[in-house]
Amino acid sequence: MAYRKTPSVQGRLDAAREQLVDSATAVVAEAGWSGASVTVVAAAAGMSVGSVYQHFPSKSALAVEVFRRASGREVRVLSEVLAHGTGDPLERLAHGVGVFARRALENRGLAHALLAAPADAAVGRERLEYRRRYRAAFARVVREGVAEGLLPSQDADVTAAALTGAIGEVLVDPLAGPGEDAAGALVAELVAMSLRCAGAPPAAPAGRPAGPSDDDDEGIR
């Protein structure tokens with residue numbers, strides 16, 4: 001008969017796994033994917049190397065889980081703002097880009113790891129998949145803008161791909177460097193660029209190009 005874990009045993013295993021993923025995420029944010037060896041992560045989590053392998057068969061599997069969780073949070077936040085935020089599609093687009101950029105700039109190490117840092121092939125495949133999710137979220141709000149006459153007729157998927165690539169490219173160097181006092185100006189320029197890319201009139205949305213307020217940003221966690 002196969003051994004069945006009791007609820008208390010399963011609970012301890014689940015808690016240990018969560019601790020391990022949290023610790024690995026912190027290590028990746030500090031040292032990148034290359035620095036997140038199983039030995040380093042185990043030490044950060046207060047576990048043995050053997051304990052790590054009880055939860056994940058390889059360093060790659062652990063890295064993929066870290067990426068999925070961290071990127072998943074960011075996709076959910078952006079999608080929620082773009083789809084269900086306040087205002088018309090242009091306001092939601094401006095707000096969404098601002099939220100995404102500010103969250104990235106508040107946790108530069110992890111954001112750089114998610115967007116651009118060298119990683120193994122498994123993480124690279126996940127990165128491509130999440131880029132598709134970002135594109136889908138942008139495409140939906142662009143289509144809304146076109147349908148409401150706020151944006152010119154266009155291929156929303158092409159615009160969304162351009163936005164996804166451009167936003168990541170603009171952020172790569174700032175995320176790789178030390179913190180800067182000019183983060184607000186960078187976000188404002190990024191929001192303005194995104195609106196131009198989508199074909200928004202220069203004056204729209206009024207009052208929003210500076211991005212979201214600080215109260216709306218929680219930072220990548």
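Phe100 is buried, because its relative accessible area is 12%, and buried here means under 20% relative accessible area, with exposed over 50% and partly exposed in between, for a 1.4 Å probe and protein chains only. Before going on, the model is a predicted one: local features need pLDDT of at least 70, side-chain atom pairs count only at pLDDT 80 or more, and totals for chains, interfaces and linings use all residues. Residues are numbered from 1 along each chain as its sequence is written, and side-chain values use heavy atoms, with hydrogens and water left out.

Now the rings. The whole structure contains three aromatic pairs, where rings of Phe, Tyr and Trp (its six-membered ring) pair if their centres lie within 6.5 Å; planes under 30 degrees apart are stacked, over 60 edge-to-face, and the rest tilted. One of them is Phe67 with Tyr130: the ring centres are 5.7 Å apart and the planes stand at 65°, so this pair is edge-to-face. Helices here are DSSP runs (H or I, at least four residues; strands are E, at least two), numbered from the N terminus. Phe67 is buried at 1% relative accessible area, and Tyr130 also counts as buried, at 7%.

Back to Phe100. Its ring and that of Tyr134 have centres 5.4 Å apart and planes at 80°, so they too are edge-to-face. Phe100 is in helix α5 and Tyr134 in helix α7, so the pair ties together parts 34 residues apart in sequence. Tyr134 counts as buried, with 10% relative accessibility. Separately, ring pairs join Trp33, Phe67 and Tyr130 into a cluster.

Next, helix packing. Two packed helices are described by the angle and the distance between their axes. The axes of α5 and α6 come within 5 Å and cross at roughly 115°; axes are lines fitted to C-alpha atoms, for helices over the stretch in contact, and angles run from 0 to 180 degrees between N-to-C directions. Phe100, Ala104, Leu105 and Glu106 of α5 make the contact with Arg108, Ala111 and Leu115 of α6, contact being heavy atoms within 4.5 Å.

Finally, the cavities. How many cavities of 30 Å³ or more does the structure hold? There are two. A cavity is a set of points, on a 1 Å grid over the protein atoms alone, where a 1.4 Å probe fits but cannot get out, and lining residues have an atom within 4 Å of a point. Grid points are joined across faces, edges and corners, and a volume is the space filled by probe spheres set on the points.

The largest cavity holds about 220 Å³. It is lined by 18 residues, and those closest to its centre are Phe100, Leu114, Leu115, Arg131 and Tyr134. α7 gives the most to this lining, with five residues.

The second largest cavity has a volume of about 60 Å³. Its lining includes Trp33, Lys59 and Val66. α4 gives the most here, with four residues. By class, this lining has eight nonpolar, no polar and one charged residues, where Ala, Val, Leu, Ile, Met, Phe, Trp, Tyr, Cys and Pro count as nonpolar, Asp, Glu, Lys and Arg as charged, and the others, Gly among them, as polar.

Definitions and conventions:
On a 1 Å grid over the protein atoms alone, a cavity is a set of points where a 1.4 Å probe fits but cannot get out, and a pocket is an open set with protein on both sides within 12 Å along at least five of seven lines; lining residues have an atom within 4 Å of a point.
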